Amino acid sequence: MTAIIETGNHIAQVSDGRARRSCAERLSAVLTTVVEGTAPWALNEVEWDAAHLRALVDGGSTGSSLIEHACNKLGCGDLNILIERDRYLARTSGVRATIWTLDELLSSYA
């Protein structure tokens, strides 16, 4: 969920209007394939419940709290991506899940 929100935020910041629209159309098309069940992956449904928020505050499996991450410039969006991955891995077995990112700080936890 966070990756989709972050992607949408980045698209909204593209300065060229035509490129912004093209990217938005591509994101919309990908999301539509997920909704329709035709994407080459399964939807990972995430609940934002008390357990999720507790994991976010605690920093998940990173060993640092949300406060520590904020002080080190890792935002809630990136931290939530890590929490979503942790919760996904806890629900599945025999699956390897990594996070593809160009962000150096986030990739150090991926």
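Predicted model: local features only at pLDDT ≥ 70, side-chain atom pairs only at ≥ 80, totals over all residues.
The protein contains 6 helices and 0 strands. Read along the sequence, the pattern is α-α-α-α-α-α. The C-alpha trace spans about 40 × 35 × 25 Å along its principal axes. Of the 110 residues in the protein, 21% are buried. Contacts between residues at least 6 apart in sequence were also examined by separation; 49% of them join residues at least 24 apart.

Helix α3 covers residues 50-58. His 52, Ala 55 and Leu 56 are buried in this helix. Viewed down the axis of α3, the buried residues fall within an arc of 100°, so they line one face of the helix. An α-helix has 3.6 residues a turn, so residues three or four places apart point the same way. The other side of α3 carries Ala 50 and Arg 54, which are exposed. The buried residues of α3 pack against α4 (66-71) and α5. Gly 59 follows α3 and has a positive phi, near 85°.

Asn 80 is located in helix α5. Its relative accessible area is 1%, and Asn 80 is therefore buried, the cut-off being under 20%. Two of the buried residues of α3, His 52 and Leu 56, are touched by Asn 80. Asn 80 also touches Thr 2 and Trp 48. These contacts leave out residues up to four places away in sequence. Within its own neighbourhood, the side chain of Asn 80 forms a polar contact of 2.6 Å with the side chain of Glu 84.

His 69 belongs to helix α4. With a relative accessibility of 2%, His 69 also counts as buried. Not counting residues up to four places away in sequence, His 69 touches Gly 59, Thr 62, Ser 64, Leu 74, Leu 79 and Tyr 109. Among these, Gly 59 is the residue with positive phi that follows α3. Ser 64 places its backbone oxygen 3.4 Å from a polar atom of the His 69 side chain.

The loop between α4 and α5 holds Lys 73. Lys 73 has a positive phi of about 70°, although this residue is not a glycine. Most residues other than glycine have a negative phi. The relative accessible area of Lys 73 is 76%; the residue is exposed because this value is over 50%.

Helix α2 includes Leu 27 and Ser 28. Leu 27 touches Thr 7, Gly 8 and Ile 11, with residues up to four places away in sequence not counted. From C-alpha to C-alpha, Leu 27 and Ile 4 are 8.5 Å apart in space. In sequence, 23 residues separate this pair. Ser 28 is partly exposed, with a relative accessible area of 39%. A C-alpha separation of 9.6 Å was computed between Ser 28 and Gly 8, which are 20 residues apart along the chain. Gly 8 is also one of the contacts of Leu 27.

The largest pocket has a volume of about 1,500 Å³. Rolling a probe the size of a water molecule over the atoms shows where empty space is left. The lining of the largest pocket consists of 33 residues. Met 1, Ala 3, Ile 4, Thr 7 and Ile 81 lie nearest the pocket centre. Ile 4 is the residue whose C-alpha lies 8.5 Å from that of Leu 27, and Thr 7 is in contact with Leu 27. Helices α1 (2-12), α2 (17-36) and α5 (76-91) each supply at least two residues of the lining. The most is given by α2, with 7 residues. By class, the lining divides into 21 nonpolar, 5 polar and 7 charged residues.

Methods:
Residues numbered from 1 in each chain as written. Heavy atoms only, no water. 1 Å grid on protein atoms, 1.4 Å probe; cavity = no way out; pocket = protein on both sides within 12 Å on 5 of 7 lines; lining within 4 Å. Points joined across faces, edges and corners; volume = space filled by probe spheres on them. Helix = DSSP H or I, 4+ residues; strand = E, 2+ residues; numbered from the N terminus. Nonpolar A, V, L, I, M, F, W, Y, C, P; charged D, E, K, R; others polar. Buried < 20%, exposed > 50% of the residue type's maximum accessible area, 1.4 Å probe, protein only. Arc of directions from axis to C-beta. Contact = heavy atoms within 4.5 Å. Polar contact = N/O pair within 3.5 Å; in protein donor to acceptor, adjacent residues only side chain to side chain.
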